[in-house]
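This report walks through one structure, from a helix and its surroundings to ring pairs, a loop residue and the cores.

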Amino acid sequence: VFENLPQSKWLQAKPSDKAGLYKVLHEGELIYIGESTNIAERYKAHSNTTYFSALRRSVGTKLFDFEYIGKKKFMDSDDNKITNFLLDCDYASIPIGFGRRELEEYLIRDLQPTLNSKSK
């Protein structure tokens, strides 16, 4: 079911304000799986900041080799490149209350998205 969720371009995504799981794809490749108690809030964090977004930090460090200036913050020009990258991504989410953390861990181990750390 998770693999076949309907996807939309990043800016067209309309995530729920409920707890659940989400995935991010770039050029058809699954690059990230996440979970949140409020999917819409997490989506906003991924859209706007580096400090609070593990996804943005992973894009910056793993895909672009950007270095932090200060505590988990990139230069503004680097942050803009991360935003542009995300705008080119597809996004899908599904509300799940009970067991979402365990399901996220299972899916990360099983599907091995590029940007999730393997130690989760």
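Just after helix H2, Asp 65 adopts a positive phi of about 60 degrees. Helices (H or I, at least four residues) and strands (E, at least two) are DSSP runs, numbered from the N terminus. The model is predicted: local features need pLDDT of at least 70, side-chain atom pairs count only at pLDDT 80 or more, and totals for chains, interfaces and linings use all residues. Residue numbers start from 1 along each chain as its sequence is written, and side-chain values use heavy atoms, with hydrogens and water left out.

**Helix H2.** H2 spans residues 54-63, and its buried residues are Leu 55, Arg 56, Arg 57, Ser 58, Val 59 and Gly 60. Buried means under 20% relative accessible area, exposed over 50%, partly exposed in between (1.4 Å probe, protein chains only). Their cover includes strands E2 (20-26) and E3 (29-36), plus helices H1 (39-48) and H3 (76-87).

**Aromatic rings.** The structure holds 10 aromatic pairs. Rings of Phe, Tyr and Trp (its six-membered ring) pair if their centres lie within 6.5 Å; planes under 30 degrees apart count as stacked, over 60 as edge-to-face and the rest as tilted. Tyr 22 and Tyr 32 form a tilted pair, because their ring centres are 6.2 Å apart and their planes stand at 35 degrees. Tyr 22 lies in E2 and Tyr 32 in E3, so this pair ties together parts 10 residues apart in sequence.

| Residue | Relative accessibility | Class |
|---|---|---|
| Tyr 22 | 1% | buried |
| Tyr 32 | 6% | buried |

Ring pairs also link Trp 10, Tyr 22, Tyr 32, Tyr 43 and Tyr 91 into a cluster.

**Asn 38.** Asn 38 sits in the loop between E3 and H1. Its side chain reaches the backbone oxygen of Asp 17 at 3.5 Å. A polar atom of the Asn 38 side chain also lies 3.0 Å from the backbone nitrogen of Glu 41. Leaving out residues up to four places away in sequence, Asn 38 touches Ser 16, Asp 17, Lys 18 and Ala 19. Contact means heavy atoms within 4.5 Å.

**Cores.** A nonpolar core is a set of buried Ala, Val, Leu, Ile, Met, Phe, Trp, Tyr and Cys residues joined through side-chain atoms within 4.5 Å. The largest has 18 residues; Trp 10, Val 24, Leu 55 and Tyr 91 touch the most other members. E2, E3, H1, H2 and H3 each supply at least two residues of this core. H3 gives the largest share, three residues. A second, separate core of 10 residues includes Leu 5, Leu 21, Ile 33 and Ile 108.

Technical notes
Polar contact = N/O pair within 3.5 Å; in protein donor to acceptor, adjacent residues only side chain to side chain.
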